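We will go stop by stop, selecting as we go.

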Amino acid sequence: MEQGTFVFLDEWGRPSAPTKGAYIRMRNEQWRYLLGETTYAITREAGTEPPFCGRFAAGKEEGFYLCGDCGLPLFSSTAKYVSGTGWPSFFAPFAPQNIRQSEDRSHGMVREEILCARCGAHLGHLFPDGPPPTGLRYCINSGALVFVPERLLQGKGKDGNPLERAVFAGGCYWGLEQKFEKERGVKAAFAGYSGGTVPFPTYQEVCAGRTGHAEAVLVLFDPREVSYEELLAKFWDFHDPTTLNRQGPDIGSQYRSGIFVYDEAQRKAAERSRQSLAESGRFRAPIVTEIAPEKGFFFAEEYQQRYNEKHGLSGGCGRIP
């Protein structure tokens, strides 16, 4: 796969060093299905939303604005300002490597078009009338962006109370993400990749079996409302832990069953839970779920996040009770 150099956002809300990563290329009909008509019209057909109508035009929360197609971080709230134009405006990008510029001669004008450097999504335009220190205005469509609060990645709930995190792999992450998001005490769930050797992989790379990752879900939860042990119990309910490198019709090491732990307490809890399940007689076949240290969770592309919700689906690979 052709590669470029990008600055990614890690699971803790920290920028990575400039890192090699694969470009994301798909046919227009694929993008249309994955994005829906509204986003597709903006990011793939260079459309423009009406001023003062976008959901991020007046947003002030601290966090990161990601590409609405692929999830590459594009802007930080620290560079956002109110321009009075009716569109989200920024005076600098998250990282210059993540933005591409191209001359736009449409509508009888000559403008600098702004594109996502990773997937080529149309974002908006660049103008030389911004505030210090750059004097630039990145005028962006809300419909081309998604927002992730910084406090969430740093482990803080809306009320400021600390959140804990857990990572589970149990087949296709679409269904697992959807199920965990509905659980009491879970404040967010993200689809992604864990247990591999390649940093910030793409879905295509993981599916090709070249990175060693499993499709996984990062769960951010409030320990006052739900315990890690309770989430483990749900995890066993949500998938079949006896099938090696397989979940339902999906076959491959990326669909393996796994628990990726952040510390010794999680490791011991996961091992106790797995042992208890094995001794319960609930499954005739042996439990094959791996328990391994979490050495890096990498977010899946934006078009993979909340996939079931976006497409009106429910469940995932399924399991046999």
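This is a predicted model: local features need pLDDT of at least 70, side-chain atom pairs count only at pLDDT 80 or more; totals for chains, interfaces and linings use all residues.

## Stop 1

Select helix α6, residues 228–238, and helix α7, residues 264–280. Their axes come within 10 Å and cross at roughly 40°. Angles under 35 degrees would count as roughly parallel, and 65 to 115 as roughly perpendicular. α6 and α7 are therefore oblique to each other. Their crossing is right-handed.

Now show the side chains. On the α6 side, pick Tyr228, Glu229, Leu232 and Trp236. On the α7 side, they meet Gln266, Ala269, Ala270, Arg272, Ser273, Arg274 and Leu277. Colour this contact by class: it has 6 nonpolar, 2 polar and 3 charged residues.

## Stop 1: from α6 to α4

What is the angle between α4 and α6? They pack at about 140°, with their axes 11 Å apart. Roughly antiparallel needs an angle over 145 degrees. That makes α4 oblique to α6. Here too, look at the handedness: α4 passes α6 in a right-handed crossing.

Which residues make the contact? From α4, select Leu176, Lys179 and Phe180. From α6, select Leu231, Lys234, Phe235 and Phe238. By class, the contact of α4 with α6 has 5 nonpolar and 2 charged residues, and no polar ones.

## Stop 2: the sheet

Switch to a cartoon view. Find the open sheet of 6 strands, in the order β18-β17-β12-β14-β13-β19. Its pairing is mixed. Go to the edge strands, β18 (290–293) and β19 (298–299). Each of these pairs on one side only.

Move to β12, residues 164–170, and β14, residues 214–221. These two strands run antiparallel, and 5 bridges join them. Click valine 167: its bridge partner in β14 is leucine 218.

## Stop 3: an aromatic pair

A search of the whole structure finds 22 aromatic pairs. Select one of them, tyrosine 65 with phenylalanine 147. How far apart are the ring centres? The distance is 4.8 Å centre to centre, with 50° between the planes, and the pair is tilted.

Finally, colour strand β3 (residues 63–67) and strand β11 (residues 145–149). Tyrosine 65 lies in β3 and phenylalanine 147 in β11, so the pair ties together parts that are 82 residues apart in sequence.

Technical notes
Residues are numbered from 1 along each chain as its sequence is written. Side-chain values use heavy atoms; hydrogens and water are left out. Two strands pair if DSSP finds at least two bridges between them. Helices (H or I, at least four residues) and strands (E, at least two) are DSSP runs, numbered from the N terminus. Axes are lines fitted to C-alpha atoms, for helices over the stretch in contact, and angles run from 0 to 180 degrees between N-to-C directions. A crossing is left-handed if the near helix is turned anticlockwise from the far one by less than a right angle, and right-handed if clockwise. Contact means heavy atoms within 4.5 Å. Ala, Val, Leu, Ile, Met, Phe, Trp, Tyr, Cys and Pro count as nonpolar, Asp, Glu, Lys and Arg as charged, and the others, Gly among them, as polar. Rings of Phe, Tyr and Trp (its six-membered ring) pair if their centres lie within 6.5 Å; planes under 30 degrees apart count as stacked, over 60 as edge-to-face and the rest as tilted.
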